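Student: I would like a close look at one part, the interface between domains. Please walk me through it step by step.

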Amino acid sequence: MPELPEVETIARGLAKRISGDVIESVWLGSKPEPLKSPASEIEAALRGKRISTVRRLGKHIVFDLESASGSASAQWIVHLGMTGSLLVCPPGLELEKHTHAVLQLASGRELRFVDPRRFGRLSVIEKFEAPGAEPLQIAFDDFAVLFHKRKTPIKSALLNQSLLSGVGNIYADEALFRARIRPRRRAASLTRDELRRLHQALKTVLKEAIKLGGSSVSDYVDADGEEGFFQLKHRVYGREGKPCRICKTPVKRIVIAGRSSHYCPRCQK
DNA sequence: ACTATGTCCTGCGAGC
DNA sequence: TGCTCGCAGGACATAG
């Protein structure tokens, strides 16, 4: 569900609310759970640990843990998949359907992981490193190299997490619109000027979305239960048949690599 | 090594 | 009202 701006918003909200809190106990749901690490390992790594920070890497949420003595411990990594959410709530609250993990915190609150579609993943690792580059940090030359000689459509390349970490379907479409590039273009066919525009557009759209708390399509809310507002700024995503905000030509929707892709046939070349 | 395709899940809204 | 169908913000395995 969430892409970089939504994950960033969630991580910031969690950092604000639960940094410094201590995990007293851990409950992990039964049967086919979305656990990448064994349940016993996750429980052992979390129980009794202090959450020193919460931050985002790619589409992953990283919980930096400390042991009681204050030394750095393993990291708890949460990937929300399409429909995952992390909720901070009072202990009495009835368990929502599809709750897969509950952490009791020393402050009396609970941190819950809920995920109906179960594409989300929980894991524990010493030091997590995202496979791809951070789109908000990558320099232009490194960005350009990523697409060098790639025959795949630029849209697919943007979604490839081992190239760039954090770009998903919405922001790929939105960045390509702003850069005036059609999603089906072969990545290697982009000119240097187009690559510059794409690099800039991607950073701009991601930053703007973070500012607005992400895009709330369907039921996304952040750690405080707040909706994002970037969906109001979408120029092509989810706007099939509606007039392009620049030239009024109806926005087209096509399927690339099984993902719906939206673009303006007039503005994007 | 790179690329295209299918699959994992549940829920929701559109259309009949 | 109730059913079926298609679709959903992701990532991985597999096959070519």
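Tutor: Let's start with salt bridges: between domain 1 and domain 2 the count is zero. A salt bridge here is a side-chain nitrogen of Lys or Arg within 4 Å of a carboxyl oxygen of Asp or Glu. Keep in mind that this is a predicted model, where local features need pLDDT of at least 70 and side-chain atom pairs count only at pLDDT 80 or more, while totals for chains, interfaces and linings use all residues. Residues are numbered from 1 along each chain as its sequence is written, chains are lettered from A and ligands numbered from 1 in the order in which they are written, and side-chain values use heavy atoms, with hydrogens and water left out.

What does cross the interface? Four residue pairs, both members at pLDDT 80 or more, are in polar contact between domain 1 and domain 2. That term stands for a pair of N or O atoms within 3.5 Å; within protein, one must be able to donate a hydrogen and the other to accept it, and residues adjacent in sequence count only if both atoms are side-chain atoms.

On the side of domain 1 that touches domain 2, the elements giving two or more residues are α1 (4-18) and β5 (85-89). These labels come from DSSP runs numbered from the N terminus: helices are H or I with at least four residues, strands are E with at least two. The largest share of that side, eleven residues, belongs to α1. By type, the side of domain 1 that touches domain 2 has six nonpolar, three polar and six charged residues. Ala, Val, Leu, Ile, Met, Phe, Trp, Tyr, Cys and Pro count as nonpolar, Asp, Glu, Lys and Arg as charged, and the others, Gly among them, as polar.

Now for the domains themselves. Chain A splits into domain 1 (4-125) and domain 2 (140-263), with bounds from an automatic or database domain assignment. Their C-alpha centres are 29 Å apart. In contact (heavy atoms within 4.5 Å) are 15 residues of domain 1 and 17 residues of domain 2.

Finally, the area. The size of an interface is often given as the accessible area lost when the parts come together. Domain 1 and domain 2 bury about 1300 Å² between them, which is the accessible area (1.4 Å probe) lost on being put together, summed over both. Carbon and sulfur atoms carry 62% of that buried area.

Note on methods:
Buried area is the accessible area (1.4 Å probe) that two parts lose on being put together, summed over both.
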